[in-house]
Amino acid sequence: MKSFGYRAWLQPVAEGTKAQLGFLPKLAGLKGIASEEFVHGLDTRFGKKPSEDGDYTITLELAEKLPPEGYTLRGDLSGLTVSGGSEKGLLYGVYGLLSRLSLGEPVETMNVKEVPAVARRVLNHWDNADGSIERGYAGRSFFFKNGRIGYDLERLKDYARLLASVGINEISVNNVNVYPDSAQLITEEGLPDLAKVAEVFRPFGIRIIVAVHFDSPAILGGLETSDPTVPAVAKYWEDAAKRVYKHIPDLAGFLMKADSEFRSGPAALGLTQDAGANVIAKALEPFGGTIYWRCFIYNCKQDWRDKTIDRPKAAYNEFFPLDGKFAPNVILQVKHGPSDFQVREPNSPLLGAMTQTPQGLEFQISQEYTGQQIDLYATAVQWEEILDTPVTESCMTRDLVGREVTAMVAVSNTGNDDNWTGHLLAQANLYAFGRLAWNPALSAEQLMRDWVALTFGTDPAIVEPIANMLLESRWVYEKYNSPLGLGWMVNISHHYGPSPEGYEYMKWGTYHRATHTAIGVDRTTHGTEYTAQYHHYVRDLYENKKTCPEKLLLFFHRLPYNYKLKSGQTLLQYIYDTHFEGVEDVKRFIATWETLNGKIPQEAYEAVRDRLTRQLENAREWRDVINNYFYRLSGIADEKGRKIYA
Ligand code: GCU
């Protein structure tokens, strides 16, 4: 019997809930993966098998008028028809139906049409061939072992089902930081193994992407250079594409991290990024492949004394001038913010600026800076805010999805832990990403409620408290983290726990420059001019301290500690208050969770309680270190006289 955590959101429905299936299904129509998955889902979720004697007919059919991945669910008293634009659409239809049944929706009135907003809904795994996972917090890799592909077939298949059930249709399996052993994946030696992985995911409509090394022509091809302008290098990539597609004919494409964090790339050779991307694009083009080219490029060897460089400006400076110069099968993969997956940062100025180049909007489900799957953090809340951010006065970031944004991408939070994500409630983040990529108009609230109900059952006495905790969790975490968009006050390298000056004198370009009177970097047109990278509407919003969203104040402005916020609090008092509150909020989370004792599986209850206890420890650490830091610098006491360990 698989454990509760392992089954994730594909749980059997709870006895006695409104989600119990009120009929015996009879299955008709097309046979194939969709019907197999329907039978599997009925069995595992409701303990029922379709029967010839069934009293309600579910028909599976193809409908050419629908887009390939789209589906409809039309039910009445006599039966329900699932129509898919292709077998894949039908599969999504079956998963959609099963979820609705689990949530207790009546079949007779079901009338649903679903079409994904973007064609590419992508998960990037940062798994290394040695089995470790970069920024992984849920155990070791389930793709790799001892330097090569190695997996448990059943687990991989169950994973494919989980991903497909929320609409994910492309995955990269190896880390964007490609080390020599995973570089091998595109050789005759590595490909048979990778092809086997592709085989597991294929029936579920999921295609494989492989992260490649920019220096492959030299490392693997024995060439003297990997300079993409050299004909032999272009030839290397053409041969590589031919080889890869021979083994995996439906490969989605390659993924490249170039010129970033000690990786080689076109810039290191004095070229622009298009020079590299287009050569690989040309090689992939005959096979319908795509090259995902990451925009996470900045100077990671900065001298902290040098104030002429401002890291958040880097990606835009590198890529914006190249808009229109990329081959059509290049997708520029842009991190949502200009820093690096911080708890609070503005959106990347590249979003909306490049009108001639398809982009992939990159999120991080893995909680690198947001609690590492020890602290509770519903990423969907942050994503909703990101999508709700204006690009111009008449365009929101959400409006770009399906236009310039042709791929929604996220770094996975999964690993070999039995429950996939370490923190059981972090499953909500994987679930939410898939559904949000399919439909970016879905609210975080809807996503969290659905996830809780699918996982723990539809009883409101369970759904309400857990969904509310999730919805609050982002703000609670932010309260005790680095304040007001500053970011980076984390312990260096591993990024868990506070260290206010950990990165202050480092080469990574992430400085807050606190003195005894003020903190922050002026990124306005009077400062580093970062704001000038935005459309003038957004620029003006951020430029002005009065219109800048307060939670981003210290990202854009350098301010004195006695600066008055709209609430009337000083900046410093706000920092003290939020840090004290954050700890109390986590205590409240624990108290709320304890009300669920006996109402949810004990295994789940205890596992989450354990994480919340560790979170409380972390929140305390953050509160005391951050408050102490600011008190020592400023000499200004907390107005409310609370304990600051100075
Ligand atoms: C962050 C992260 C790295 C990762 C990088 C990336 O900097 O800390 O581990 O490699 O992002 O997105 O490429």
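This is a predicted model: local features need pLDDT of at least 70, side-chain atom pairs count only at pLDDT 80 or more; totals for chains, interfaces and linings use all residues.
Biologist: What makes a residue of α14 count as buried, and which residues are buried?

Modeller: Buried means under 20% relative accessible area. In α14, A444, L447, M448, D450, W451, V452, A453, L454, T455 and F456 are buried.

Biologist: How do you know that the span of α14 is close to the expected one?

Modeller: Helix α14 covers residues 444-456 and has 13 residues. From first C-alpha to last, α14 reaches 18 Å. The expected value at 1.5 Å a residue is 18 Å, so the span is close to expectation. After α14 comes G457, with a positive phi near 100 degrees.

Biologist: Why is H125 called buried?

Modeller: H125 has a relative accessible area of 1%. The cut-off is under 20%, so H125 is buried. H125 is found in strand β6, residues 120-127.

Biologist: What makes the pair H125 and Y159 a polar contact?

Modeller: Their side chains are joined at 2.7 Å. The limit for a pair of N or O atoms is 3.5 Å, so the distance falls within it. Beyond four places in sequence, H125 is also in contact with other residues, including F143, I171, N174, S412 and T414.

Biologist: Why is D130 called partly exposed?

Modeller: D130 has 41% relative accessibility. Buried is under 20% and exposed is over 50%, so D130 counts as partly exposed. D130 sits in the loop between β6 and β7. Leaving aside neighbours within four places in sequence, D130 is in contact with R140, N146, G147 and D181.

Biologist: How far apart are D130 and S182 in sequence and in space?

Modeller: They are 52 residues apart in sequence and 8.9 Å apart in space, C-alpha to C-alpha.

Biologist: Now the ligand. Which residues are closest to the ligand?

Modeller: The ligand is surrounded by 13 residues, and the closest are E134, K257, R294, K335 and E368. The shell divides into three nonpolar, two polar and eight charged residues.

Note on methods: Residues are numbered from 1 along each chain as its sequence is written. Side-chain values use heavy atoms; hydrogens and water are left out. Helices (H or I, at least four residues) and strands (E, at least two) are DSSP runs, numbered from the N terminus. Buried means under 20% relative accessible area, exposed over 50%, partly exposed in between (1.4 Å probe, protein chains only). A polar contact is a pair of N or O atoms within 3.5 Å; within protein, one must be able to donate a hydrogen and the other to accept it, and residues adjacent in sequence count only if both atoms are side-chain atoms. Contact means heavy atoms within 4.5 Å. A residue is near a molecule or strand if one of its heavy atoms lies within 4 Å of it. Ala, Val, Leu, Ile, Met, Phe, Trp, Tyr, Cys and Pro count as nonpolar, Asp, Glu, Lys and Arg as charged, and the others, Gly among them, as polar.
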